[in-house]
Amino acid sequence: GGRVMYRLIDGLFRRAFASPELDLAHDGARVALDGPLVLTTDAFTVSPRFFPGGDIGSLAVHGTVNDLAVSGARPRYLTASFVLEEGLPLAELARLVESMAAAARASGVRVVAGDTKVVERGKGDGVFIATTGAGEAIGEVGPRRVRAGDVVIVSGPVGDHGTAVMLAREGLEVPAGLASDSADVSPATCALFEAGPDARCLRDATRGGVATGLAEIAATAGVRGPV
């Protein structure tokens, strides 16, 4: 078991996520950041694991870097832990890891540490991915800065991701052109901070979508009525 796990880590994960930190093969990574540190952590499970426009691997990267971006940070580093269910085909795992590595490279972040665990068949859902992200603070935003009367700007389509995943899960036909809009938003948020407008709060709409996100922001800000 130890030899198999070593081959998996060295031949798949370390190769796909190649970085100077991982090359040290140590229990932790030493990284350098300019300015205040912003941290976020998340866990990902989605069925099906592959869906129009993405998969759980790319989603794990986008979800984490986006949480950093909307927290006023420039994403720099990721850690990733994989909980694998016994029987998961190695070819499928490799496809997910390569997708995740490609998303990380496209987002300009390095995967610097990680872990892998295996659970018994029937005790998982194929694969769960837990991530932590670190970035450099470049802007100050948050729900408590919101005021009644603020304008809400939506940067992309509403509901495409959830609809694409739901249709794929149920085996229904996905209309042409409909796909997950999972993507890295940090180029847009960094440009926003550099341009200098007074953005009060940013939110990566995930669970519950835009409506739930707005309700959570309003509750935290103590805003009543239209926002």
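Rings of Phe, Tyr and Trp (its six-membered ring) are said to pair if their centres lie within 6.5 Å; planes under 30 degrees apart count as stacked, those over 60 as edge-to-face, and the rest as tilted. By this definition the structure holds 2 aromatic pairs. The model is a predicted one, in which local features need pLDDT of at least 70 and side-chain atom pairs count only at pLDDT 80 or more, while totals for chains, interfaces and linings use all residues. Residues are numbered from 1 along each chain as its sequence is written, and side-chain values use heavy atoms, with hydrogens and water left out.

One of the aromatic pairs joins phenylalanine 13 and phenylalanine 82, which are tilted, with 4.8 Å from centre to centre and 45 degrees between the planes. Phenylalanine 13 belongs to helix 1 and phenylalanine 82 to strand 4, so the pair ties together parts that are 69 residues apart in sequence. Phenylalanine 17 and phenylalanine 82 have ring centres 6.4 Å apart and planes at 25 degrees, so this pair is stacked. It also links distant parts of the chain: phenylalanine 17 is in the loop between helix 1 and helix 2 (20-23), 65 residues from phenylalanine 82 in strand 4. Through these ring pairs Phe13, Phe17 and Phe82 are linked into a cluster. Phenylalanine 13 and phenylalanine 82 are both buried, as is phenylalanine 17; buried means under 20% relative accessible area, exposed means over 50%, and partly exposed lies in between (1.4 Å probe, protein chains only).

Strand 6 (residues 127-137) pairs with strand 1 in the antiparallel sense over 8 bridges, and with strand 4 in the antiparallel sense over 11 bridges. Glutamate 136 in strand 6 stands opposite leucine 37 and is also the bridge partner of arginine 74.

Leaving aside neighbours within four places in sequence, arginine 15 is in contact with Asp10 and Glu98, where contact means heavy atoms within 4.5 Å.

Two further side-chain features remain. Arginine 95 lies over the face of phenylalanine 50, at 3.8 Å from the ring centre; a charge sits over a ring if NZ of Lys or CZ of Arg is within 6 Å of the ring centre and within 35 degrees of the ring normal. A search of the whole structure finds 0 disulfides, a disulfide being a pair of cysteine sulfur atoms within 2.5 Å. Cysteine 190 is in no disulfide, and the nearest cysteine sulfur, that of cysteine 201, is 16 Å away. Cysteine 190 is buried, with a relative accessible area of 7%.

Notes:
Pairing = 2+ DSSP bridges. Helix = DSSP H or I, 4+ residues; strand = E, 2+ residues; numbered from the N terminus.
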